[in-house]
There are 2 protein chains.
Amino acid sequence: MQELRDRILAEGVVVGSEVLKVDSFLNHQIDPAFTMHLGQEFARRFAGSGVTKVLTVEASGIAIALAVGLALSVPVVFAKKKQALTQQGDCYSAEVFSFTRREATLIVVTARYLSAGDTILIIDDFLAHGEALRGLVSLVHQAGAKLVGAGIVIEKCFQRGGDNLRAEGLRIESLAAIESMEPGVIHFA
Amino acid sequence: MQELRDRILAEGVVVGSEVLKVDSFLNHQIDPAFTMHLGQEFARRFAGSGVTKVLTVEASGIAIALAVGLALSVPVVFAKKKQALTQQGDCYSAEVFSFTRREATLIVVTARYLSAGDTILIIDDFLAHGEALRGLVSLVHQAGAKLVGAGIVIEKCFQRGGDNLRAEGLRIESLAAIESMEPGVIHFA
């Protein structure tokens, strides 16, 4: 998606060899109109898949998932990190290791918001090692729901998570795929 | 806002005397079209205030803030809970105690996303004791920005946070104000 690649080149900041900061428009400050464009592009790519619900994980995935849900006219569910006091009863959960934060968190969805009758599209902002995506896929499988694939805003291909999950049969649509990067230089696939 | 009150009566679940679960449409599962209505209502109430940026805190505030930002055509910034590895350099921060989770968290905004030239509208899903809102107000003051007020989806008036902050001069617009509640019964103000 050219609009996204242009934005990454204009505003993205590479820190070290693995972290791309896109805080100015995607995951700290959000450009609402641009976010809607991302949502419409995912909706276009997954049109006709029969999606009944969009699944993401807090916090950075929420805005994009909302845009997708709006474009597809379906509800959005966001998995919560760790179990809150107000979230009791039956839940699906998966442990996710974050390489950025160097810690494991539990992602949790209340069981009644994912059911065997659902057809799920997973949405997230980044795909790197694939840990978060793998956790979300696990939640869908626990619910016995159908999974049509995953829509990712930025895939860092060199961290291999996408390749591994595609090899297992998951359809992944990335709007920007980064082949390599270093401070000041970003190469798209 | 009648549409919101109807939804709360139809789907809200009161747990004990202080917790209202609206997981089915507001803060776990999200109804995208309904969220847009909430955003448009806040935009209507704060029209002409010269808002340049919407500020919220992750995670439940993000969807509503995005809807407001879209309706007002301004960027959204969400404060993060605790400092992430990728968030370095100058930040504004405030400690917030959550009565629901019984713990204090730090909410943080990178300094360059809130500036003295900004006119800020704060958006959040709930107002109870007012701790989160007070933290967000502190971030705005730290930045030297102008604050036009706060838009809250559900105010639990009996927990007094709103009254206290209004007494300090803050304009607060709540779309639903709950005077009292117990399991099975919700009284709006």
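In which helix of chain A is the place of A:Glu11?

Modeller: The model is predicted, and what follows should be read that way. A:Glu11 has its place in helix H1 of chain A, which covers residues 2-11. A:Glu11 has 15 C-beta neighbours inside 10 Å, so it counts as partly exposed. The reasoning is a matter of cut-offs: a residue with 20 or more such neighbours is buried and one with 12 or fewer is exposed, so a count in between gives partly exposed. Leaving out residues up to four places away in sequence, A:Glu11 touches A:Val22, A:Ser24 and A:Phe25.

Strand E6 (residues 91-98) and strand E7 run antiparallel and are joined by eight bridges. One of the pairings puts A:Phe97 of chain A with A:Ala104 in E7(A). These two strands form a hairpin with four residues between them. In that turn, A:Arg102 has a positive phi of about 55°. E7(A), which covers residues 103-110, also pairs with E5(A) in the antiparallel sense, over two bridges. Here A:Lys80 stands opposite A:Val108.

Strand E6 of chain B (residues 91-98) pairs with E7(B) over eight bridges, in the antiparallel sense. B:Ser93 has B:Val108 in E7(B) as its bridge partner. E6(B) and E7(B) form a hairpin with four residues between them, and B:Arg102 in the turn has a positive phi of about 55°. Two antiparallel bridges pair E5(B) with E7(B), and B:Lys80 stands opposite B:Val108.

Next comes the meeting of the two chains. In total, 31 residues of chain B are in contact with 31 residues of chain A. On the chain B side, H3(B) gives the most, with five residues. By type, that side divides into 18 nonpolar, seven polar and six charged residues. Strand pairing also crosses between the chains: E5(A), residues 76-81, runs antiparallel to E3(B), and two bridges join them. A:Val76 has B:Ile30 as its bridge partner there.

Helix H3 of chain A (residues 61-72) packs against helix H2 of chain B (residues 32-45) at an angle of about 110°, with the axes 8 Å apart. H3(A) and H2(B) are therefore roughly perpendicular to each other, because angles from 65 to 115 degrees are put in that class. From H3(A), the residues that meet H2(B) are A:Leu66, A:Gly69 and A:Leu70, and from H2(B) they are B:Pro32, B:Ala33, B:Thr35 and B:Met36. Five residues of this contact are nonpolar, two are polar and none is charged.

The largest nonpolar core has 121 residues, and A:Val68 and B:Val68 have the most contacts inside it. Neighbours within four places in sequence aside, B:Val68 is in contact with B:Gly39, B:Phe42, B:Ala43, B:Val54, B:Leu121, B:Ile123 and B:Gly151.

Methods: Residues numbered from 1 in each chain as written. Chains lettered and ligands numbered in written order. Predicted model: local features only at pLDDT ≥ 70, side-chain atom pairs only at ≥ 80, totals over all residues. Axes fitted to C-alpha atoms, helices over the stretch in contact; angles between N-to-C directions. Parallel < 35°, antiparallel > 145°, perpendicular 65-115°, else oblique. Contact = placed C-beta atoms within 7 Å. Nonpolar A, V, L, I, M, F, W, Y, C, P; charged D, E, K, R; others polar. Pairing = 2+ DSSP bridges. Core = buried A, V, L, I, M, F, W, Y, C linked by C-beta atoms within 7 Å.
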